[in-house]
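Welcome! Please take a moment to look over the sequence and the model below before reading on.

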Amino acid sequence: MSWSKEFFKGIIKENPTLVMLLGTCPTLAMTSQAVNALGMGIATTFVLLGSCIVISLLKNIIPSQVRLPCYIVIIAGFVTLVSFLLQVYLPELYSVLGVFLSLITVNCIILGRAEAFASKNTVSRSIADALGMGIGFTLALLLVGSVREILGMGSWFGIDLTFGVLEPILLFATPAGGFMVFGFMVAVVNKLSHYQISKKKMGCEGCPGGCASCTSGCSEKKEGND
Amino acid sequence: MKEMLAILFSAILVDNFVLSKFMGICPFIGVSKKTSSAFGMSIAVTFVMVMSTILTWPIYTYILVPADGSHDYGYLKTLTFILVIALFVQLVEILIKKFMPPLYKSLGIYLPLITTNCAVLGVTILNIDNAYNLGESIVNALGAGLGFMVALLLFSGVRERIERADVPKMFKGVPAALVAAGIVAASFAGFGGLVENLFG
């Protein structure tokens, strides 16, 4: 299996946000403007890439009984690193992302890829997988963010599109609009993939608490679900 | 007292963790299909939120960033807090499994899922970011938990009806739930300004 397959599956076929429905919290919280969505996506991609490389390197050293705490520490370390970098170089983005920067730690995409892929594969394949998933996540965030910013604020990346004539629909900039836009997007993806997702999708999304719990106990997840 | 009430009610209604801060969306969509499981999950979340706040606030204030200014390890808070929460949840699970089997039966299944619930880590970090003292932090955590419960219970009522409704095929399941959540969130926006008017 070539690495390009690992890379491209994360962008479309197994898009973590729109197909697998992982990491919904940042997808809704950080998408009122396209630029914030892009920032969040890139920060998450960096953490995902870094932690997958380290976890893949350490896969034979970490004992399997304590692997989840180990993964969390590695991920939290990279999150701290990213917040230092943003604080110094992009202080504006740092203050917009706020608490959600720390919450990258519990983004289920990262723990999910670490458990499902990086801990079982070589470093180079993990890099391809992490980059693909990260870019897929970023693109999905950018898509939701663009729709919400264009409809809710009448602009895109801060460029005014209303020409002083059109009135933006404020609802789309509010949390309520976030839920709705994301709902419509998942519906469109459902339609495009011929209703395949609605059957199997409940996977990690349905698992309250995200992927860590999926990986640690799928039987519990099922009970919790119904 | 007035300030405490303001913090409590704004955490429950105005700054609802699920509907306006977007934390804990996974359990919100995942366990809202049935009112009983929604209730169990929110009780467990509220308990873990309050207890984690009681544990993490002193750790931050006395160990990571002590008042005498001898050192500042504030940047370690994400790492420390998530470890404390994970350990605490694990401990509670072991304890109630051993000593309170009936409680474990009803709440135990939700506990392992809470560690990665971003609302728990979120509330502990927000308490520090907002410079709340210990009392305010606990009230804020309680409010966040109760707000989570209100949102989850209201939404599970909506959800039980949607499951039976005839929605377009492409909206079946999660998309319809998300759109409905949007409408519930819009109704919560009506609480804006309420707390300022009551306690301001």
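## About the model

This is a predicted model, in which local features need pLDDT of at least 70, side-chain atom pairs count only at pLDDT 80 or more, and totals for chains, interfaces and linings use all residues. Residues are numbered from 1 along each chain as its sequence is written, while chains are lettered from A and ligands numbered from 1 in the order in which they are written.

The scores for the model are ipTM 0.82 and pTM 0.83.

## Chain A at a glance

Chain A holds 13 helices and two strands. Here helices (H or I, at least four residues) and strands (E, at least two) are DSSP runs, numbered from the N terminus. Chain A has 226 residues, and 53% of them count as buried. A residue is buried if 20 or more other C-beta atoms lie within 10 Å of its own, exposed if 12 or fewer, and partly exposed in between, with C-beta atoms placed from the backbone.

Two residues are in contact if their C-beta atoms, placed from the backbone, lie within 7 Å. Among the contacts in chain A with a separation of 6 or more, 74% are between residues 24 or more positions apart.

## Where the chains meet

## Helix pairs in chain A

Helix H3 (residues 34–57) of chain A and H4(A) have axes that come within 9 Å and cross at roughly 140°. Axes are lines fitted to C-alpha atoms, for helices over the stretch in contact, and angles run from 0 to 180 degrees between N-to-C directions. H3(A) and H4(A) are therefore oblique to each other; angles under 35 degrees count as roughly parallel, over 145 as roughly antiparallel, 65 to 115 as roughly perpendicular and the rest as oblique. Their crossing is right-handed (a crossing is left-handed if the near helix is turned anticlockwise from the far one by less than a right angle, and right-handed if clockwise). Residues making this contact include Phe46(A) and Gly50(A) of H3(A), and Ile75(A) and Phe78(A) of H4(A). The contact of H3(A) with H4(A) comprises 12 nonpolar, two polar and no charged residues.

H7(A) and H8(A) pack at about 150°, with axes 11 Å apart, and are therefore roughly antiparallel. Their crossing is right-handed. Among the residues making this contact are Ile109(A) and Arg113(A) of H7(A), with Asp129(A) and Phe137(A) of H8(A). The contact of H7(A) with H8(A) has six nonpolar, one polar and two charged residues.

## A helix pair in chain B

In chain B, the axes of helix H8 (residues 134–164) and helix H9 (residues 174–188) come within 10 Å, crossing at roughly 135°. That makes H8(B) oblique to H9(B). The crossing of H8(B) and H9(B) is right-handed. Residues in this contact include Phe155(B) and Arg159(B) of H8(B), and Ala177(B) and Val184(B) of H9(B). Nine nonpolar, no polar and one charged residues make up the contact of H8(B) with H9(B).

## Residues to look up

Phe137(A) lies in helix H8 (residues 123–153) of chain A. Phe137(A) is buried, because 30 other C-beta atoms lie within 10 Å. Leaving aside neighbours within four places in sequence, the contacts of Phe137(A) include Pro16(A), Gly41(A) and Ile109(A).

Most residues other than glycine have a negative phi. Leu21(A), in the loop between helix H1 (3–9) and H2 of chain A, has a positive phi near 55°. Is Leu21(A) buried or exposed? Leu21(A) is buried, with 27 other C-beta atoms within 10 Å. Ala131(B) also has a positive phi, near 55°, and sits in the loop between helix H7 (118–129) and H8 of chain B. Ala131(B) is exposed, with 8 other C-beta atoms within 10 Å.

How values were computed:
Ala, Val, Leu, Ile, Met, Phe, Trp, Tyr, Cys and Pro count as nonpolar, Asp, Glu, Lys and Arg as charged, and the others, Gly among them, as polar.
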